[in-house]
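Hello,

Here is the structure I said I would pass on. My notes on it follow below.

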Amino acid sequence: MGFWTLLEGLLLFANAMAILNEDRFLAPRGWTLAELQAGRKNSLKGQVIGLIHACQFMRLPLILLNIIIIVVKLVSG
C-alpha cells in the first residue's frame with residue numbers, strides 16, 4: 001500500500017463522514033452537535049461527533065480535493 005492509496009482511503013473516509021444526514025441518521029442515535037455541547041466533549045463519542053461535523057463543515061474543500069484526485073487519476077492512468 002503506497003502513500004497515494006492511503007490518501008485516497010482517507011479521502012473516501014472523509015466523504016463518507018460528510019454525507020451523513022444529521023436529521024435522518026445521527027439524531028435518532030443521539031449523535032447531534034447539541035449532545036456534544038451538553039458536556040461530553042472529551043469522550044470517544046464526543047470526538048467522533050466532532051469529526052463528523054468537521055467533515056460536514058469542510059464540504060467545499062472536499063469537493064475540490066475530489067476533483068483534483070479525479071483529474072490526476074485520469075491523467076496518470
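**Helix packing and core**

The crossing of H1 and H5 is left-handed. The two helices, H1 and H5, pack at an angle of about 145 degrees, and their axes lie 11 Å apart. On the H1 side the contact is made by Trp-4, Glu-8, Leu-11, Ala-14, Asn-15 and Ala-18. H5 contributes Arg-59, Leu-62, Leu-65, Asn-66, Ile-69, Val-72 and Lys-73. Sorted by class, this contact of H1 with H5 has eight nonpolar, three charged and two polar residues.

Please keep in mind that this is a predicted model. The average pLDDT of the protein chain is 87, and 95% of the residues score at least 70. Among the elements of the chain, helix H5 (residues 59-76) has the highest mean pLDDT, at 93. The lowest, 76, belongs to helix H3 (residues 33-37).

Ten residues form the largest nonpolar core: Leu-11, Ala-14, Met-17, Ala-18, Leu-20, Leu-26, Ile-52, Cys-55, Leu-62 and Ile-69. At least two residues of this core come from each of helix H1 (3-18), helix H4 (44-57) and H5. The most are given by H1, with four residues.

Which residues does Ala-14 contact, leaving aside its neighbours within four places in sequence? They are Cys-55 and Leu-62. Ala-14, Cys-55 and Leu-62 are each listed in the largest nonpolar core, and Ala-14 and Leu-62 also take part in the contact of H1 with H5.

Regards

Definitions and conventions:
Residues are numbered from 1 along each chain as its sequence is written. This is a predicted model: local features need pLDDT of at least 70, side-chain atom pairs count only at pLDDT 80 or more; totals for chains, interfaces and linings use all residues. Side-chain values use heavy atoms; hydrogens and water are left out. pLDDT is the predictor's confidence in each residue, from 0 to 100. A nonpolar core is a set of buried Ala, Val, Leu, Ile, Met, Phe, Trp, Tyr and Cys residues joined through side-chain atoms within 4.5 Å. Buried means under 20% relative accessible area, exposed over 50%, partly exposed in between (1.4 Å probe, protein chains only). Contact means heavy atoms within 4.5 Å. Axes are lines fitted to C-alpha atoms, for helices over the stretch in contact, and angles run from 0 to 180 degrees between N-to-C directions. A crossing is left-handed if the near helix is turned anticlockwise from the far one by less than a right angle, and right-handed if clockwise. Ala, Val, Leu, Ile, Met, Phe, Trp, Tyr, Cys and Pro count as nonpolar, Asp, Glu, Lys and Arg as charged, and the others, Gly among them, as polar.
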